[in-house]
Amino acid sequence: MKDLKRILASLLAGIVAFLAVFLNLLSAADKASEDVLYHHASGTTGEIRIIKIDDKTMNKLGDISTWDRSVYTKLLNTLCVSEEIRPAVVGFDILLSSEKDPETDKEFAETCKKYGNVVCGFSYVFSKELQEDANGNLIENSMTVKEQVLPYKALRDVVDTGFVNALMDNDDSFIRSSFLTFEESEDVTTTSFSMKVYEKYWESQGLSEVSLNDKSIIDFRYSGNPGDYENVSLIDVLEGNVPASAFDDCIVLVGAYAAGMMDSYFVPVDRSSQMFGVEIHANVIQAIMEGKTLKNVNKVVDALISALIIAVITFACWNLSVAKTIIVCLATAILKLLAGFVLFNQGLMTNVLSVPVLAVVIAIIYVAVHYYKARMAKRSIEKAFSKYVAPQVVEEIAKDGTYELKLGGENRDVAVMFVDIRGFTTLSESLEPEQVVDILNDYLALTTRCIFRYGGTLDKFVGDATMAVFNSPFDTEDYIYKAVVTAWDIVAGGNKIEKEFVERYNKHVGFGIGVNCGPAVVGNIGCDFRMDYTAIGDTVNTAARLEANAPRGTVYISKPVRDALGDRITVEEVGEIPLKGKNNGVFVYSVTGVVGYTSPEGE
């Protein structure tokens, strides 16, 4: 049955893990974790450089909206000094759509045509529309092309163009992916700005085309953080402060580098600040150049592996201790994160959080179950012992938490006390049953109260007799003295209830008590379904015989008890008396006083 529960729990945990990964239930948190753990800039290349349109430039030339095209014409002429010194590609990540000044517009277009190394960006304006899918169902398409913002006609006729639209994640608007191409219609497919710049570059360098498996969208790893790519102000280039040779045979990207131009986005490599769009293009281009693209591991495979891991640790931790369970679960979480890091650097993306989170949840559940079981065991022990040991002993047992209710015993030095009502049989014959029970209950309440008061264990009631053991189940300080004090306390209490019984029933009730000390076997005696916590042995038998010989209102103790307590008690010698069941007699003392005793019963 236990194994069946263990298997079912493992299967259930595995199913939860499979669904968590397959349905990507932790999508936003998973991506954020991947950003923090895996997305780290690996280093930019000197083949890509940025000329930035920044505040410094606009402070000199005015706001970009006021510029005519002569600024860009001058820039190209400054960069392209000769056939030997010129950029491989110049990409304008700005929208040069409106015609401003016919003369400078024409001049810029002719300059671009002259050098043949320019790529200009354009932008799509998308809208949301309801469309029918292949099955005839209406779906919302948020990528319906409403219009294109293209370079002015004279320019687009002589340059390569690519769309600059950013692809933001639906969960958190971070940019982790990029368009390569976009299917505008069944007959028209356009290329992204980053891809077009790269194509222009590998053509100029005579490189072989990178295979991207005809993907229209790629996930990619960032090479640089915001500001990492080599960048200079446009005004510094125009004023000749930067030599043209600095851009020779490079990819030069011209784009916004001022907050007011509204071209910055959140990126995974630096979640605390935004990156300008031109830098994102630089990262995409380098990712294509160096093969830093990413692809997802097959979702079913990823889900099955995760399910197997979670099912195995659920099964393995079933019988482990709390400490080992925590170690196994935390080790699993850490190893999964490390495996994800290795795979990420190999270009593979897996679900990051599901296995670590579920491993931690399993640890929490098992710790909670262990705690619950410990609480239940503690309560069971408290309930079992509360019936026959003092509350303070129960508290000590619960605090220790290691005592188990099981068959077996141990040899302990104990003090044993027996108490019996003298003449109970004759008494019961002369009273009504209800009266007998009333007397007996008062008597048993008195003996139990006194036993518990001094930390004794109430072993059992045998008819009108009470048996108590001291120094069990745990060590009790000065237990022999406490046993004698308990006996003396019962005698004092007996005097009080005897007066009540005389008034109520006109009957006298008195106790005979015997106390002995020595070794005994203490523990749970019986069988699995019925146990009795008790003490057995010669010490117990002698205590019972002492009680049987003690007159009413008298406490008989053995010589070992007398020797152990010395002058802490006053006694009278009774002498050696024969005890039933023993070959030799036992020297007996009658207690006449306990030094320093004050009756809690008020006697």
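Predicted model: local features only at pLDDT ≥ 70, side-chain atom pairs only at ≥ 80, totals over all residues.
Helix H11 supplies six residues to the nonpolar patch, the largest share of it. A search of the whole structure finds 21 salt bridges.

**Nonpolar patch and helix H11**

- The patch lies on the surface and consists of Val322, Ile326, Leu330, Ile334, Leu335, Leu338, Val360 and Ile364, which together have about 680 Å² of accessible area.
- Two elements, H11 and helix H12 (354-385), each give two or more residues to this nonpolar patch.
- Ile326, one of the patch residues, is placed in helix H11.
- Ile326 counts as partly exposed because its relative accessibility is 33%.
- Thr332 also belongs to helix H11, which comprises residues 322-345.
- Thr332, by contrast, has a relative accessibility of 13% and therefore counts as buried.
- Leaving aside residues up to four places away in sequence, Thr332 touches Ile309, Ile313 and Val355.

**Helix H5**

- Helix H5 (residues 102-115) has 14 residues, which at 1.5 Å a residue should span 20 Å; the end C-alpha atoms are 20 Å apart, in agreement with that expectation.
- The buried residues in H5 are Thr104, Asp105, Phe108, Ala109, Thr111, Cys112 and Tyr115.
- Viewed down the axis of H5, these buried residues fall within an arc of 160°, so they line one face of the helix.
- Pro102, Glu103, Lys106, Lys113 and Lys114 are exposed on the other side of H5.

**Helix H16**

- The 27 residues of helix H16 (residues 479-505) should span 39 Å at 1.5 Å a residue, and the distance of 37 Å between its end C-alpha atoms agrees with this.
- H16 is mostly covered, with 19 of its 27 residues buried.
- Asn506 follows H16 and has a positive phi, near 60°.

**Salt bridge between Asp105 and Arg69**

- Asp105 and Arg69 form a salt bridge in which the closest N and O atoms are 3.2 Å apart.
- This pair links distant parts of the chain, 36 residues apart: Asp105 is in helix H5, whereas Arg69 is in the loop between helix H3 (55-61) and helix H4 (70-79).
- Asp105 counts as buried because its relative accessibility is 4%.
- Arg69 is likewise buried, with a relative accessible area of 3%.

- A salt bridge joins the side chains of Asp171 and Lys31, with an N to O distance of 3.1 Å.
- Asp171 lies in the loop between strand E5 (160-163) and strand E6 (177-179) and Lys31 in helix H2 (residues 27-37), so the pair ties together parts that are 140 residues apart in sequence.
- Asp171 counts as partly exposed at 40% relative accessibility.
- Lys31 is also partly exposed, with a relative accessible area of 22%.
- The side chains of Asp169 and Arg176 meet in another salt bridge, at 3.3 Å from N to O.
- Both Asp169 and Arg176 are buried.
- Through salt bridges that share partners, Lys31, Asp35, Asp169, Asp171, Asp172, Arg176 and Arg271 are joined into one network.

Technical notes: Residues numbered from 1 in each chain as written. Heavy atoms only, no water. Helix = DSSP H or I, 4+ residues; strand = E, 2+ residues; numbered from the N terminus. Buried < 20%, exposed > 50% of the residue type's maximum accessible area, 1.4 Å probe, protein only. Contact = heavy atoms within 4.5 Å. Expected span 1.5 Å × (residues − 1). Arc of directions from axis to C-beta. Patch = residues over 30% accessible without salt bridge, like charges linked within 9 Å, V, L, I, M, F, W, Y side chains within 5 Å. Areas by Shrake-Rupley, 256 points an atom, 1.4 Å probe, with all protein chains shown as cover. Salt bridge = Lys/Arg side-chain N within 4 Å of Asp/Glu carboxyl O.
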